[in-house]
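User: I would like to learn how to read helices and sheets in a model. Can we work through one together?

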Amino acid sequence: MKRPVLGSLLLASTDPERLRAWYAATLDPEDDVAVNGYRILKFGECFLFIDTREDVADKNPEPGRVILNFDVEDARAVVTRMEQAGVTWLAQLEDRDGSLFATAIDPDGNYVQIIQLSEEHRKGMQ
């Protein structure tokens, strides 16, 4: 039997179009479409669905509970793009033993981490 694969994530928002626009502007998805009311962004093999729900607040009260991690080839370039879009940073770009990390806050208060892993760290994950 084939093991399950995490293929998508749903972000619920009181303003899904604003959230979609933020992710599209800051992280340059491979695809950005609307299907049956969902806003769908494709990042690598993962789809980010953005939709509205009545049981969520305007801001995430516990943003550290789930953090979206984006693996990038050039963290400095991604940070520059995000800064041009006016991103708010929780943690500025920093070097952690050769890997680069930065954490932004999206318009709904979710944490979005940019990660450029060093070759050494990548080998340690295999």
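**Reading a sheet and a helix**

Analyst: Start with one pair of residues in this predicted model: Ile40 stands opposite Phe49 in S4.

User: How many bridges join strand S3 to strand S4, and do they run parallel or antiparallel?

Analyst: Strands of a sheet pair through backbone hydrogen bonds, either parallel or antiparallel. Here S3 (residues 38-43) and S4 (residues 46-52) run antiparallel, joined by five bridges.

User: What is the order of the strands in the open sheet?

Analyst: The four strands follow the order S1-S4-S3-S2, and their pairing is mixed. At the edges are S1 (8-13) and S2 (31-35), each of which pairs on one side only. On average, neighbouring strands of this sheet are turned by 20 degrees against each other, direction ignored.

User: Which strands does H1 lie across?

Analyst: H1 lies across S1, S2, S3 and S4, and runs at about 20 degrees to S3.

User: Which residues of helix H2 are buried?

Analyst: An α-helix has 3.6 residues a turn, so residues three or four places apart point the same way. In H2 (residues 75-84), the buried residues are Ala75, Val78, Val79 and Met82. They lie on the same side of H2 because they cover an arc of only 100 degrees around the axis. The face turned away from that buried side carries the exposed residues Arg76 and Gln84.

User: What do the buried residues of H2 pack against?

Analyst: Their partners are helix H1 (16-27) and the strands S6 (88-96), S7 (99-105) and S8 (111-116).

User: Which residue with positive phi follows H2?

Analyst: That is Gly86, with phi near 85 degrees.

Definitions and conventions
Residues numbered from 1 in each chain as written. Predicted model: local features only at pLDDT ≥ 70, side-chain atom pairs only at ≥ 80, totals over all residues. Heavy atoms only, no water. Buried < 20%, exposed > 50% of the residue type's maximum accessible area, 1.4 Å probe, protein only. Helix = DSSP H or I, 4+ residues; strand = E, 2+ residues; numbered from the N terminus. Arc of directions from axis to C-beta. Contact = heavy atoms within 4.5 Å. Pairing = 2+ DSSP bridges. Axes fitted to C-alpha atoms, helices over the stretch in contact; angles between N-to-C directions.
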